[in-house]
Amino acid sequence: MLEGNFGGKRILLTGDLDISGEQKLLQNPELVGKVDIFKLGHHGSKTANSPELLSAISPKLTVVSAGRNNRYGHPNAEVIERLQRLRIPVVSTQDYGMISYRYFFNGMGRWKVGIDKKGSIVQ
């Protein structure tokens, strides 16, 4: 897990943490709070990205990294529906290719590919 402020955005990356790991994370309020950007755990798998975690961190934007037509069906349709119900925008490498966020020591950051400076998805 990696959490921090990068270029003025609070970002949370949970890697392959599963739902039981997310539950342990939620027990530590110092580690969990509102975030600007959350990279969906385990490529958007239903074995991660619990409703409890998503509600607790209330991300302004989620990013999923998964190949097109991958054999695991990532991101999982249930997870995408969950994000829609919670009104959390999601952007995927399947649609936009590589997504990057460059940040600078002056506290500024910038999106490259598919997302504008405000963190909104570019249609």
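Below are my entries on salt bridges, a hairpin and the nonpolar cores.

**Ground rules.** I am working with a predicted model, where local features need pLDDT of at least 70 and side-chain atom pairs count only at pLDDT 80 or more, while totals for chains, interfaces and linings use all residues. Residues are numbered from 1 along each chain as its sequence is written, and side-chain values use heavy atoms, with hydrogens and water left out.

**Salt bridges.** How many salt bridges does the structure hold? I found two, taking a salt bridge as a side-chain nitrogen of Lys or Arg within 4 Å of a carboxyl oxygen of Asp or Glu.

I looked up glutamate 3 and saw that its partner is arginine 10, with 2.6 Å between the closest N and O atoms. Next I checked accessibility, where buried means under 20% relative accessible area, exposed over 50% and partly exposed in between (1.4 Å probe, protein chains only). Glutamate 3 is partly exposed at 29%, whereas arginine 10 is buried at 16%.

The other bridge I noted pairs aspartate 36 with lysine 60, whose closest N and O atoms are 3.1 Å apart. This pair links distant parts of the chain, 24 residues apart: aspartate 36 sits in the loop between helix H1 (19-26) and strand S3 (37-39), and lysine 60 in the loop between helix H2 (51-57) and strand S4 (61-64). Helices (H or I, at least four residues) and strands (E, at least two) are DSSP runs, numbered from the N terminus. Is aspartate 36 buried or exposed? I have it as buried, at 15%, while lysine 60 is exposed at 59%.

I then followed strand S6 (residues 100-103), which runs antiparallel to strand S7 (residues 109-112) and is joined to it by four bridges; strands pair if DSSP finds at least two bridges between them. Tyrosine 101 stands opposite tryptophan 111 in S7. Five residues lie between the strands of this hairpin, and glycine 107 takes a positive phi near 90° there.

**Cores.** A nonpolar core here is a set of buried Ala, Val, Leu, Ile, Met, Phe, Trp, Tyr and Cys residues joined through side-chain atoms within 4.5 Å. The largest has 14 residues, and Phe38, Leu40, Ile57 and Leu83 have the most contacts inside it. H2 and helix H3 (77-85) each supply at least two residues of this core, and H2 gives the largest share, three residues. Apart from this core I found another of eight residues, including Tyr101 and Trp111.
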